[in-house]
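Welcome! Take a moment to look over the sequence and turn the model around on your screen. Then let us walk through it together, one topic at a time.

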Amino acid sequence: MNIETKYHGTIELSDMAIVSFENGLPGFEHEKQFALLPIHDSPFTILQSVQNKDVAFVMIEPFSYFPTYEVELDDATCEQLNIQAENDVALYVILTVAEPFTNTTANLQAPIVINVHERIGKQVILTNTPYKTKHRLFPETVEAK
Amino acid sequence: MLVLTRKLKEAIQIGDDIEVVVLAIDGDQVKLGIRAPKHIDVHRKEIYLAIQQENNAASLASMTSLQQLSHRLKKGGEENER
């Protein structure tokens, strides 16, 4: 099927490329099907709603930008996503791309967790975590911490 | 909104499988225990709202800023290889 996207124009998408988010994402509860679309020659993967062209999130794999970042998935999450082993999982964080772009932040408190084999995903809200919704990608531009 | 008064250790049953218990009361703080099936997500309201708000902000990225950011990240990666 063809879908319209925010960053990639109209693209053809196979059903196999669709990831289901049973409850949508907080703030986007009605968007339940997404495609993962890498942006060529960039570290970004776009989480694009299949139903709504304008709903798209810019994601990165966090571990090379936040080397100490750690996520422990609780039993409820593993059960919801039917996760059995670590290699079932792809994990991304959503960027809030700011202007100027040096103020861009990553939401480490609520990573996107995907069971790549079953193509089901969820934005997991971590509890009892030091991580927040805004971690700067370029902390060197902050004068005082 | 349904309003119920509960004492310490008393509980509220919601539907067949959700239970909310008052575990402790200390001044203006109330500690609640929540028993719910695993498919029900339970969050502190302000955290859920913060995530909603962040998602809304995150959905507004323009292609231009994205290109600038991509360019900067690639440049940064080449300059300081870890």
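Two strands are said to pair if DSSP finds at least two bridges between them. Helices (H or I, at least four residues) and strands (E, at least two) are themselves DSSP runs, numbered from the N terminus. With that in hand, look at chain B, where β1(B) and strand β2 (residues 18-26) pair in the antiparallel sense over 4 bridges.

This is a predicted model: local features need pLDDT of at least 70, side-chain atom pairs count only at pLDDT 80 or more, and totals for chains, interfaces and linings use all residues. Residues are numbered from 1 along each chain as its sequence is written, while chains are lettered from A and ligands numbered from 1 in the order in which they are written.

**The sheet of chain B**

- Strands of a sheet pair through backbone hydrogen bonds, either parallel or antiparallel.
- In chain B, 3 strands form an open sheet in the order β1-β2-β3, with antiparallel pairing.
- β1 (11-14) and β3 (29-35) of chain B stand at the edges, each with a single partner strand, so one side of each is left without a neighbour in the sheet.
- From one strand to the next, the twist averages 25° (axes are lines fitted to C-alpha atoms, for helices over the stretch in contact, and angles run from 0 to 180 degrees between N-to-C directions).
- β2(B) and β3(B) pair in the antiparallel sense over 7 bridges, and I25(B) stands opposite V30(B) in β3(B).
- These two strands, β2(B) and β3(B), form a hairpin with 2 residues between them, and G27(B) in the turn has a positive phi of about 60°.
- How many of the 7 residues of β3(B) are buried? The count is 0, so β3(B) is hardly covered (a residue is buried if 20 or more other C-beta atoms lie within 10 Å of its own, exposed if 12 or fewer, and partly exposed in between; C-beta atoms are placed from the backbone).

**The helix of chain B**

- Helix α1 of chain B (residues 45-58) has 14 residues, which at 1.5 Å a residue should span 20 Å; its end C-alpha atoms are 20 Å apart, which agrees (the expected span is 1.5 Å times one less than the number of residues).
- The buried residues of α1(B) are A50(B), I51(B), E54(B), N55(B) and A58(B).
- Seen down the helix axis, the buried residues of α1(B) fall within an arc of 135°, so they line one face (the arc is that of the directions from the helix axis to the C-beta atoms).
- An α-helix has 3.6 residues a turn, so residues three or four places apart point the same way.
- On the face of α1(B) turned away from its buried side, you can find the exposed residues K45(B) and E46(B).

**Where the chains meet**

- The buried residues of α1(B) pack against β6, β7 and β8 of chain A.
- Across the two chains, 27 residues of chain A are in contact with 23 residues of chain B (two residues are in contact if their C-beta atoms, placed from the backbone, lie within 7 Å).
- β6 (56-60), α1 (75-80), β7 (89-96) and β8 (105-115) of chain A each supply at least two residues of the side that touches chain B.
- Which element gives the most to that side of chain A? It is α1(A), with 4 residues.
- By class, the side of chain A that touches chain B has 17 nonpolar, 7 polar and 3 charged residues (Ala, Val, Leu, Ile, Met, Phe, Trp, Tyr, Cys and Pro count as nonpolar, Asp, Glu, Lys and Arg as charged, and the others, Gly among them, as polar).

**Inside chain A**

- β8(A) and strand β9 (residues 120-123) of chain A pair in the antiparallel sense over 4 bridges, and the bridge partner of I114(A) in β9(A) is G121(A).
- β8(A) and β9(A) form a hairpin with 4 residues between them, and R119(A) in the turn has a positive phi of about 55°.
- L37(A) lies in strand β4 (residues 33-38) of chain A, and with 20 C-beta neighbours inside 10 Å, L37(A) counts as buried.
- Leaving aside its neighbours within four places in sequence, L37(A) is in contact with T5(A), H8(A), T45(A), I46(A) and Q48(A).

**Backbone details to look up**

- A cis peptide bond, with omega about 0°, joins E99(A) and P100(A); P100(A) is found in the loop between β7 and β8 of chain A.
- K9(B), in the segment before β1 of chain B, has a phi near 75°, a positive value in a residue other than glycine.
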